[in-house]
Amino acid sequence: MADHKESKMEKLAHKIHSKISSPSSSSDSDDDKSSHARAVALKAKVYRLFGREKPLHQVLGAGKPADILLWRNKKLSGGVLGGVTSLWFLFEMLDYHLITLICHLMILALSVLFLWSNASNFINNSPPTIPEVVIPEKCLLKAASCFTFEINRTLDIVRTIATGKDLKTFLGAIAGLWFLSILGSCFHFLTMVYIVFILLYTVPVFYEKYEDKVDAFSEKMIIELKKQFAVLEKKVLSSINKEKKKD
């Protein structure tokens, strides 16, 4: 009988203990959920350059071009960089011309294939297999459509600037053209293209490596630029209004 009472007391104590401990465990799980939600919210509030939400690799297309630009395959990226540098050296330093290079390469390729095809009959060897290259019509139409869309968008931006509706776009276009004119007076066109290529090959890798630091610094810079632009816009608009009043 005493053993039976003791077992009942133990069961009752176990129930009381489980009731007391269950709210604490649920509160712990609630705290974990709330802390996770806060972490997700803080991560969402982190400033990313150009309002980027996806990783840089996905922004660049997540394909082979992105792998090349981000140096995922160092041998392939180094080979592309070496080839482009060699072409720039030929054209810019040795004064080699593009049409001359293309003609010389075609002469070499056609001569090798012609001699190989004829020599294979004498040496009992199989002639070279030259594949039939046909460009699909859909690819050309898609490229033409994309090209037309970009041209129309550029013309629309130029029209918006010319009508005087957007002061911010006007000032940005003037600053960009002025900067390009300075670069054009210092470098040849081919050298400028090569500089852009080098920037594409170095800036994304640098940004991916120091992403958080660059985003934090760019956020401060953009806030400061917006303040300065607001002051400049007020001055320009006030001067325009003063001239209108004089007239």
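Is Trp71 buried, partly exposed or exposed in terms of relative accessibility? At 27% relative accessibility, Trp71 counts as partly exposed, where buried means under 20% relative accessible area, exposed over 50%, and partly exposed in between (1.4 Å probe, protein chains only). The model is predicted, so local features need pLDDT of at least 70 and side-chain atom pairs count only at pLDDT 80 or more, while totals for chains, interfaces and linings use all residues. Residues are numbered from 1 along each chain as its sequence is written, and side-chain values use heavy atoms, with hydrogens and water left out.

The secondary structure of the protein consists of 9 helices and 0 strands; helices (H or I, at least four residues) and strands (E, at least two) are DSSP runs, numbered from the N terminus. Along the sequence the pattern is α-α-α-α-α-α-α-α-α. The protein has 247 residues, of which 10% count as buried. Its accessible surface is about 20900 Å², and 68% of this belongs to carbon and sulfur atoms; accessible areas come from the Shrake-Rupley method with a 1.4 Å probe, and for residues only the protein chains shown count as cover. Among contacts (heavy atoms within 4.5 Å) with a separation of 6 or more, 52% join residues 24 or more positions apart.

Trp71 is placed in the loop between helix H3 (64–69) and helix H4 (74–93). Its phi is positive, about 60 degrees, although Trp71 is not a glycine. Most residues other than glycine have a negative phi.

Two salt bridges are counted in the model, a salt bridge being a side-chain nitrogen of Lys or Arg within 4 Å of a carboxyl oxygen of Asp or Glu. In one of them, the side chains of Arg72 and Glu208 meet at 2.9 Å, N to O. Arg72 lies in the loop between H3 and H4 and Glu208 in helix H8, so this pair ties together parts that are 136 residues apart in sequence. Both residues are partly exposed, with relative accessible areas of 43% for Arg72 and 28% for Glu208. A salt bridge also links Glu150 and Arg153, with the closest N and O atoms 2.9 Å apart. These two residues are 3 residues apart in helix H6 (residues 137–162), and are therefore separated by about one helical turn. Glu150 is partly exposed at 37% relative accessibility, as is Arg153 at 46%.

Helix H8 (residues 189–209) and helix H9 (residues 211–246) have axes that come within 5 Å and cross at roughly 95 degrees. H8 is therefore roughly perpendicular to H9. Axes are lines fitted to C-alpha atoms, for helices over the stretch in contact, and angles run from 0 to 180 degrees between N-to-C directions; angles under 35 degrees count as roughly parallel, over 145 as roughly antiparallel, 65 to 115 as roughly perpendicular and the rest as oblique. On the H8 side, Phe206, Tyr207, Glu208 and Lys209 meet Glu211, Val214 and Asp215 of H9. Phe189 is also in helix H8 and is exposed, at 67% relative accessibility. The C-alpha atoms of Phe189 and Glu92 are 9.8 Å apart, although the two residues are 97 residues apart in sequence.

Leu98, Ile102, Met106 and Leu110 make a nonpolar surface patch of about 400 Å². Patches are made of residues with over 30% relative accessible area and no salt bridge, like charges being joined within 9 Å and nonpolar side chains (Val, Leu, Ile, Met, Phe, Trp, Tyr) within 5 Å. Leu110 belongs to helix H5 (residues 98–122) and is exposed, with a relative accessible area of 54%.
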